[in-house]
Amino acid sequence: MHPRIEDYALIGDEQTAALVGTDGSVDWLCLPRFDSAACFARMLGDEDNGHWRIAPVGADRCTRRAYRRDTLVLDTEWETEHGAVRVTDLMPQRDRAPDLVRVVEGLDGEVTLHSVLKLRFDYGSIVPWMRRSDGHRVAVAGPDSTWLRSEPEVHSWGEDFATHAEFTVKKGEKVAFVLTWHPSHEERPPLVDPYDALRHSVEDWRAWVSHCRYDGPYRDAVVRSLITLKALTYAPTGGIVAAPTTSLPEEPGGVRNWDYRYCWLRDATLTLNALLAAGYQEEAEAWRNWLLRAVAGDPADLQIMYGLAGERRLPEFELPWLSGFDGSAPVRVGNDAVNQLQLDVYGEVMDSLSLARESGLSPQPDVWALQSALLDFLRTHWQQPDEGLWEVRGGRRQFVHSKVMVWVAADRAVRTLERHPELDGDLDGWRELRDEVHREVCEKGYDRDRNTFTQSYGSRELDAALLLIPRVGFLPPDDPRVIGTIDAVREELSHNGFLRRYSTDDAQVDGLPGDEGAFLVCSFWLADALHMTGRTKEARELFERLVGHANDVGLLSEEFDPVTGRQLGNFPQAFSHIGLVNTALALFGEDGAG
């Protein structure tokens with residue numbers, strides 16, 4: 001059987017990440033960056049597309065697995081008729097080159113294990129040339145080279161274009177493997193001591209977690225989410241990828257398969273809020289600084305997403321040699337949504353920069369000039385239709401959430417000038433813009449007969465993003481229109497107790513065939529909205545159900561199918577974990593603030 005999405009666990013070094021299955025196989029790894037081509041792509045194809053499995057001979061799924069407390073170090077254990085063994089997986093913080101470290105330790109008895117390393121560069125399509133050198137197995141293909149070694153050295157051999165090894169460990173014995181990547185035109189980087197790397201990784205992660213200010217209910221889930229966000233951060237720039245994967249399907253066998261290895265502006269404010277509230281000022285500043293660099297330039301050229309270092313060109317294409325996760329094709333690289341107009345991102349950027357200013361992040365030059373330029377652009381463009389938050393491919397519309405975020409942009413500019421009169425700006429003009437947008441949304445985006453805001457002007461469809469109306473301050477939580485919208489969204493977009501982001505019954509909205517699961521962050525938004533409107537008991541019950549559907553190591557994908565109980569979409573998903581952190585802080589913040 002093909003592994004399920006929830007069968008995977010994440011390890012990483014804050015520049016890339018690997019996914020490790022319950023069978024002990026590393027099935028996804030892009031080197032050297034999150035958005036580089038994968039050298040293990042079994043997850044999106046089959047074993048011939050690259051993987052690295054270490055497991056007891058004849059064993060399948062592990063007996064148990066878990067992260068070491070407050071770390072990203074993964075322990076996977078098997079109990080066999082001959083004994084018990086543990087495989088510890090990690091990617092240590094890199095100096096120059098990325099390393100994948102796998103430490104095998106005998107726990108009881110005597111266990112024979114088999115390792116099979118099948119490298120396939122360029123997303124599973126290129127078989128490298130293999131050779132031996134100083135006790136290493138060296139792979140080279142084009143720009144890529146890897147070195148594999150073990151300590152102590154174990155016998156290995158080549159078979160079926162893969163490197164095999166078989167060895168036995170008794171209780172207390174250890175064998176460590178290290179796979180190191182480097183550009184093929186450069187010399188081999190310095191060797192990493194695998195046991196020192198393991199010790200330092202545990203110490204470093206626990207030191208980082210010690211700064212977390214939250215100590216309330218569901219602390220383990222909150223900390224796991226924060227560690228995941230840290231792991232999805234590209235350390236050289238501070239950008240945070242939406243997920244480390246591409247093309248994990250929103251519907252099994254469907255075509256809604258997208259590349260999420262980029263940085264979205266839509267996540268900006270919620271990410272900043274989660275990091276600041278949890279006590280991670282340094283990470284918040286790095287994210288804010290990435291944002292400033294990425295959006296610099298003409299406001300008309302603002303994109304909805306960027307590359308890890310702020311790259312603008314992310315062309316989308318398909319990889320026909322990969323069959324897709326469990327047969328869900330096509331597999332896509334790049335994302336054409338980068339070319340869409342989404343007016344909500346202007347509000348996201350304005351809100352994020354305002355939050356950064358009011359939270360005491362170190363001031364940066366020209367931030368206010370940038371914000372003023374964004375407002376000047378919105379003045380003349382806010383009435384345009386756009387593709388909206390969810391990047392629909394069915395044509396532009398007058399999406400209500402987009403207009404609400406235009407209001408947010410104007411509102412934050414007005415509030416900034418009111419608090420900081422030393423700054424220059426058109427206070428009266430921006431107030432007028434804010435009021436005009438508010439009037440239009442309430443007139444054209446609100447269905448009086450049903451007492452709910454709608455997905456777009458004149459539409460009867462709803463949208464889970466409408467739940468953010470009270471959160472951003474567009475209307476107070478006790479406004480009857482807010483309460484009516486929450487109730488309508490909850491009823492019409494419900495999917496076995498969770499929320500879809502919108503209805504996919506009308507293919508004209510998003511321009512795509514098929515269906516999708518419940519969108520997890522939307523269910524966290526519902527919990528927030530219920531809490532804000534005084535229904536805290538219901539909010540906490542929903543939060544508990546959501547946390548209960550994380551996988552066995554606490555990770556969440558983008559979506560969830562409550563009928564089959566399977567996770568769907570790219571994994572793990574930053575947006576889902578941001579939602580978990582923010583909702584926990586909202587529900588239990590007073591009890592858990594450290």
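How much space lies in the largest pocket? About 500 Å³ lies there, a pocket being an open set of points on a 1 Å grid over the protein atoms alone, where a 1.4 Å probe fits, with protein on both sides within 12 Å along at least five of seven lines, and lining residues having an atom within 4 Å of a point. Of the 20 residues that line the largest pocket, Thr269, Asn273, Asp351, Arg412 and Arg471 are the closest to its centre. Among the elements that each supply at least two residues of this lining are α4, α6 and α8, helices being DSSP runs of H or I with at least four residues, numbered from the N terminus.

This is a predicted model, in which local features need pLDDT of at least 70 and side-chain atom pairs count only at pLDDT 80 or more, while totals for chains, interfaces and linings use all residues. Residues are numbered from 1 along each chain as its sequence is written, and side-chain values use heavy atoms, with hydrogens and water left out.

Helix α6 covers residues 344–358, and because 12 of its 15 residues are buried, it is largely enclosed by the rest of the structure, where buried means under 20% relative accessible area with a 1.4 Å probe and protein chains only. Asp344 and Asp351 are among the buried residues of α6, and what covers these buried residues includes α4, α5, α7 and α8.

In helix α8, which spans residues 400–419, lies His401, a buried residue with a relative accessible area of 7%. Leaving aside its neighbours within four places in sequence, His401 is in contact with Asp344, Leu389, Ala465 and Leu468, contact meaning heavy atoms within 4.5 Å.

Notes:
Buried < 20%, exposed > 50% of the residue type's maximum accessible area, 1.4 Å probe, protein only. Expected span 1.5 Å × (residues − 1). Points joined across faces, edges and corners; volume = space filled by probe spheres on them.
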